[in-house]
Amino acid sequence: MRVTDAPLLELSGSPHARGLLHGRALAGRLRGFLDDSLARLGHLTDRAAGLDALRPEIEAHRAVIAEALPDLAAEIDGLAEGAGIDRDAAWLLQLRRELIGYSRVTAGDCTTYATSAGGAPVLAQTVDLNGNLDDQVAVLSVSGPRHRSLVLSFAGLLGYLGVNDAGIAVGINLVLGGDWQPGVPPYLAIRHVLDTAGTVEQAVEILRELPLASSRAFTICGVDRTVCVEATVAERRVLEGEELVHTNHFLDAGLAEQDEINIFAKNSSRRRLQTVLDAGIPKAGDTEGHHRLLSTPPILVPDNGDIRRERTVSAVILRPDLGEMRLWPGDPSAVPEQVHSLH
């Protein structure tokens, strides 16, 4: 059983100041992570792990991000300074998934569900990642340019998923489609949504306009509306309903034709989606019911000892109406719950 320390970091001030605080708080952890075969990329790919070889690719992404999201670009530079690491290494931490590229054979890669029915909205999901990242979990309490937010982070990421004080929660699922290219990684897109969006409509518009680097499905839950934006680099499709469930295959009929997921991974994805549909989404306040669903296979993807295989490294329940994050940082069936609130 892996039990992780998931610190809560209070980040405020200018973008550069927020990055400095983040980097200083996790300096030892981030330097150790980078020293582990270059943020464990060497364990996950067959190519040699060297920062110099990746600098041109990192710079191509940085050029797009700095133009689209200058505040977050400044925050990444502050992270590098605060942690005492190479600037490109701090940017690499934001781009690990894009630098790895497509991995069509997965054991899982997040199960997300949300509902705004009955005036008590809730979004919950597992976080399934490779690289044994449960030792890199942190929660960021961010005072952004417009909104405060609670953001789940892994290994120096400025964003992954979260909830803001405007009543917006955002979850994420990997989907594989289209051509990935230099651009804004989806995790930074979510951070920008949480920093700036006051409504579900604004969140959708932000995701429509950003030059994304790679494909994802973004589930957005507000106090009275729930949507999912399925995105490739070139296209955005919006699904809407009182209750939404998403795993790792496209649900929009048009995008489904472009789905690149391996058939075995798609079977896993379909099985996890159907499990939630059969169980039903628990009431917003039924923490035990959510935890039971998130902690039971096939929604829980267990550790098989292979660092290259995705497994569940966290689970969350987000309450946009309460500004609350309930987090299990690690295997949710084996670690204690943490509760964080914006209020």
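This is a predicted model: local features need pLDDT of at least 70, side-chain atom pairs count only at pLDDT 80 or more; totals for chains, interfaces and linings use all residues.
Let's start with the cavities. Searching the whole structure turns up four cavities of 30 Å³ or more. The largest cavity holds about 190 Å³ of space. It is lined by 18 residues, and the closest to its centre are Arg 96, Arg 97, Leu 129, Leu 133 and Tyr 187.

So which elements give two or more residues to that lining? Those are helix H6, running 87-100, and strand E3, running 122-129. H6 supplies the largest share, six residues.

Okay, on to the backbone. As a reminder, most residues other than glycine have a negative phi, and most peptide bonds are trans. With that in mind, have a look at the loop between helix H2 (27-35) and helix H3 (41-44), where you'll find Leu 38. Leu 38 has a positive phi, near 55°, and is not a glycine. Ala 39 sits in the loop between H2 and H3 too, and its phi is also positive, near 55°.

Are these two buried or exposed? Leu 38 comes out at 12% relative accessibility, so it counts as buried, because the cut-off for buried is under 20%. Ala 39 is at 0%, so that one is buried as well.

Last stop: the peptide bond from Pro 297 to Pro 298 is cis, with omega near 5°. You'll find Pro 298 in the loop that runs between helix H11 (287-294) and strand E12 (311-319).

Definitions and conventions. Residues are numbered from 1 along each chain as its sequence is written. Side-chain values use heavy atoms; hydrogens and water are left out. On a 1 Å grid over the protein atoms alone, a cavity is a set of points where a 1.4 Å probe fits but cannot get out, and a pocket is an open set with protein on both sides within 12 Å along at least five of seven lines; lining residues have an atom within 4 Å of a point. Grid points are joined across faces, edges and corners, and a volume is the space filled by probe spheres set on the points. Helices (H or I, at least four residues) and strands (E, at least two) are DSSP runs, numbered from the N terminus. Buried means under 20% relative accessible area, exposed over 50%, partly exposed in between (1.4 Å probe, protein chains only).
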